[in-house]
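Try each task before you read its solution.

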Amino acid sequence: MESSAYGASLAGGAFDVTNFIKQPQTILRLLSWIFSIVVFATITGEGYVNTVKQPESTCMFNKNEQACSYGVAIGVLAFLACVVFIVLDAYFPQISSAKERKYIVIGDLAFSGPWTLLWFICFCVLANQWSKTADTDGIAGDAAQAVVAFSFFSTISWALLTYFAYRRYRQGVSDFDQDYRDPANDHGTPYPPTIYPSSGPEGYQQSPFSHNSQERPGEYQPPTY
């Protein structure tokens with residue numbers, strides 16, 4: 001019924017590292033992984049600055065602490081998600097259960113879609129706050145621009161991951177619909193239907209020895225000459 005849905009019929013082959021790395025999803029996940037590192041590592045390392053006038057560290061994006069915290073949170077979670085999905089993609093060809101494959105594909109789609117939106121919000125927030133930053137003394141402008149740029153790149157990479165996840169999901173659903181046929185509606189079976197005789201009184205044939213068995217044993221039958 002689900003033998004080939006989500007590619008389950010191809011399970012069990014040897015793991016090919018070269019083909020795995022060349023897959024578009026793998027390349028996009030590696031890029032998304034790198035982009036997330038750039039975002040949260042740059043904000044953590046250079047995103048908080050202090051000046052002579054204000055010794056306390058403040059966010060370089062218009063001194064908006066929430067903007068820096070949001071960028072770090074999105075970057076760290078995206079980094080962890082990329083690691084998890086890369087491992088699942090590597091293990092995916094070895095999974096023979098179509099149901100488990102379906103759960104992985106749905107999980108990928110359910111995560112990639114919202115994360116594309118979150119990255120886009122991160123890009124808009126950081127770009128807006130950087131454009132409003134008036135005091136740039138002690139701020140590494142290149143670092144701030146890199147965070148904004150890689151937030152935009154992450155939006156594109158996660159949007160493409162969402163597209164590939166949706167395409168894989170639709171392909172799995174299509175394979176399932178083509179392979180599955182309801183046995184009740186399947187009239188192409190090579191075996192004719194089996195008809196069992198009814199066990200009621202209709203059609204009952206009496207045993208040829210039943211007449212003798214119903215005679216009373218003590219009754220005398222006179223001989224006929």
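**Exercise 1.** Leaving aside its neighbours within four places in sequence, which residues is Trp130 in contact with?

*Solution.* This is a predicted model, where local features need pLDDT of at least 70, side-chain atom pairs count only at pLDDT 80 or more, and totals for chains, interfaces and linings use all residues. Residues are numbered from 1 along each chain as its sequence is written, and side-chain values use heavy atoms, with hydrogens and water left out.

Step 1: find Trp130 in helix α4, residues 98–131. Helices are DSSP runs of H or I with at least four residues, strands are runs of E with at least two, and both are numbered from the N terminus.
Step 2: apply the contact rule, heavy atoms within 4.5 Å.
Step 3: read off the partners of Trp130, which are Met60, Phe61, Thr136, Ile139, Gly141, Ala144 and Gln145.
Step 4: Trp130 and Val148 are 18 residues apart along the chain, and their C-alpha atoms are separated by 8.6 Å.

**Exercise 2.** List the order of the elements from the N terminus on.

*Solution.* Step 1: count 6 helices and 2 strands in the chain.
Step 1: write the order, α-α-β-β-α-α-α-α.

**Exercise 3.** At roughly what angle do the axes of helix α2 and helix α3 cross?

Step 1: α2 (residues 24–46) and α3 (residues 65–91) have axes that come within 8 Å and cross at roughly 150°.
Step 2: α2 is therefore roughly antiparallel to α3. The classes are under 35 degrees for roughly parallel, over 145 for roughly antiparallel, 65 to 115 for roughly perpendicular, and oblique for the rest.
Step 3: look at residues on each side. Trp33, Phe40 and Ile43 are among those of α2, and they meet a set in α3 including Val72, Phe79 and Ile86.
Step 4: sort the contact by class, which gives 15 nonpolar, 5 polar and 2 charged residues. Here Ala, Val, Leu, Ile, Met, Phe, Trp, Tyr, Cys and Pro count as nonpolar, Asp, Glu, Lys and Arg as charged, and the others, Gly among them, as polar.

**Exercise 4.** Which cysteines does a disulfide join?

*Solution.* Step 1: look for cysteine sulfur atoms within 2.5 Å, the cut-off for a disulfide.
Step 1: Cys59 and Cys68 qualify, with S to S 1.8 Å. The structure holds 1 disulfide.
Step 2: the angle about the S-S bond is 75°, and the link of Cys59 and Cys68 is right-handed.
Step 3: check burial (buried is under 20% relative accessible area, exposed over 50%, partly exposed in between, with a 1.4 Å probe and protein chains only). Cys59 is buried because its relative accessibility is 1%. Cys68 is buried too, at 0%.
Step 4: compare Cys124, which is in no disulfide; its nearest cysteine sulfur, that of Cys122, is 9.3 Å away. Cys124 has 34% relative accessibility, so Cys124 counts as partly exposed.

Technical notes. Axes fitted to C-alpha atoms, helices over the stretch in contact; angles between N-to-C directions.
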